[in-house]
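Please look over the structure shown below before reading on.

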Amino acid sequence: MLLRIFTEPQQGASYDTLLRVAQATEEYGFDAFFRSDHYLRMGDVSGLPGPSDAWITLAGLARETRRIRLGTLVTAATFRSPGPLAISVANVDQMSGGRVELGLGTGWFEEEHTAYGIPFPSLGERFDRLEEQLQIVTGLWETPTGKSFSFRGEYYRLEDSPALPKPAQPRPPVIIGGVGAKRTPRLAARYADEYNVPFNGLRDTKAAYERVRAACEQGGRSCQSMTFSAAQVVCCGRDDAEIARRAEAIGRKVDELRQNGLAGTPAEVVEKIGRFREIGAQRMYLQVLDLDDLDHLELIASEVLPQM
């Protein structure tokens with residue numbers, strides 16, 4: 001089980017804050033630093049100093065880190081056209097020496113689209129656009145140098161693209177997530193290197209994994225070629241007082257976090273992660289909401305990570 005740090009900068013974080021967390025992530029031995037791709041804060045927070053662009057900040061972090069993987073959970077297909085997205089991710093992959101992963105989804109937060117003038121079509125159209133984007137982004141990366149790539153879909157058309165630049169990796173891993181029962185498993189089985197279930201309980205996560213495994217089998221793909229992962233909020237403390245302090249800092253109740261996340265002492269967190277491992281999870285994204293509390297990361301690194 002690999003542990004990855006997952007942040008939500010739209011809730012309020014400068015680039016310097018993200019840099020400190022990313023460098024701590026690397027120093028303490030975690031596998032990866034991931035961030036959300038959102039333009040508007042959620043809930044009762046100020047969101048100051050304001051949103052940051054996911055791929056611009058990851059480009060900066062690519063030059064300030066050396067080992068950890070970097071990526072998004074997840075980039076919305078509504079935010080960027082697929083050609084420029086493929087270019088941005090390839091650029092950041094080059095800048096990082098081949099450490100980038102792309103999480104790509106339909107987009108779901110209508111208010112952020114309204115706030116920044118981004119069209120927000122129906123769910124059906126968003127899924128259609130996502131599928132075309134997956135075809136285009138992976139197609140551009142996989143086109144041999146010197147060859148061209150063309151695509152004609154309902155929403156996007158590319159004519160004789162040189163399909164440049166190329167990423168440092170042959171193809172950056174693609175992550176698809178969510179618990180949709182029909183289209184999500186099919187898209188994951190066809191395009192994803194990793195399937196992620198965010199913020200769901202064990203029963204629903206297991207059922208979602210089984211749907212993706214079935215879709216892989218139906219599509220003639222080995223389930224062994226798919227990485228399965230989960231994301232959970234984390235609130236770890238050495239004792240009840242420390243757990244309560246960290247829960248209060250993120251505006252959550254301890255009992256609710258114990259029910260719906262990875263909350264408790266290091267031993268409790270290890271035990272809860274173990275339950276996800278038992279149903280097939282190979283990576284756990286630890287959603288860290290208080291980005292100023294680097295002692296939290298150090299505690300997890302010293303007392304949870306060695307047991308993984």
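**Packing, form and spaces**

Q: Against which elements do the buried residues of helix 6 pack?
A: This is a predicted model, in which local features need pLDDT of at least 70, side-chain atom pairs count only at pLDDT 80 or more, and totals for chains, interfaces and linings use all residues. Residues are numbered from 1 along each chain as its sequence is written, and side-chain values use heavy atoms, with hydrogens and water left out. Helices (H or I, at least four residues) and strands (E, at least two) are DSSP runs numbered from the N terminus, and contact means heavy atoms within 4.5 Å. The buried residues of helix 6 pack against helix 5 (123-142), strand 8 (174-177), strand 9 (194-198) and helix 7 (202-218).

Q: Which residues of helix 6 are buried?
A: Buried means under 20% relative accessible area, exposed over 50%, and partly exposed in between, with a 1.4 Å probe and protein chains only. In helix 6, which covers residues 183-191, the buried ones are T184, P185, L187, A188, A189 and Y191.

Q: Why is the chain described as being as compact as a globular protein of its length?
A: The secondary structure of the chain comes to 11 helices and 12 strands. The globule rule is 2.2 Å times the number of residues to the power 0.38, and the radius of gyration is taken over C-alpha atoms. The chain counts as that compact because the rule gives 19 Å for 308 residues, and its radius of gyration is close to this, at 19 Å.

Q: Which strand gives the most to the lining of the largest pocket?
A: On a 1 Å grid over the protein atoms alone, a pocket is an open set of points with protein on both sides within 12 Å along at least five of seven lines, a cavity is a set where a 1.4 Å probe fits but cannot get out, and lining residues have an atom within 4 Å of a point. The largest pocket is lined by 33 residues, with V74, W108, G177, G178 and P198 nearest its centre. Three residues of this lining come from the element that gives the most, strand 8.

Q: How much space lies in the largest cavity?
A: Among the residues lining the largest cavity are V234, C235, R246 and A249, and the elements that give two or more residues to this lining are strand 10 (227-236) and helix 8 (240-249). Grid points are joined across faces, edges and corners, and a volume is the space filled by probe spheres set on the points. For the largest cavity, this comes to about 70 Å³.
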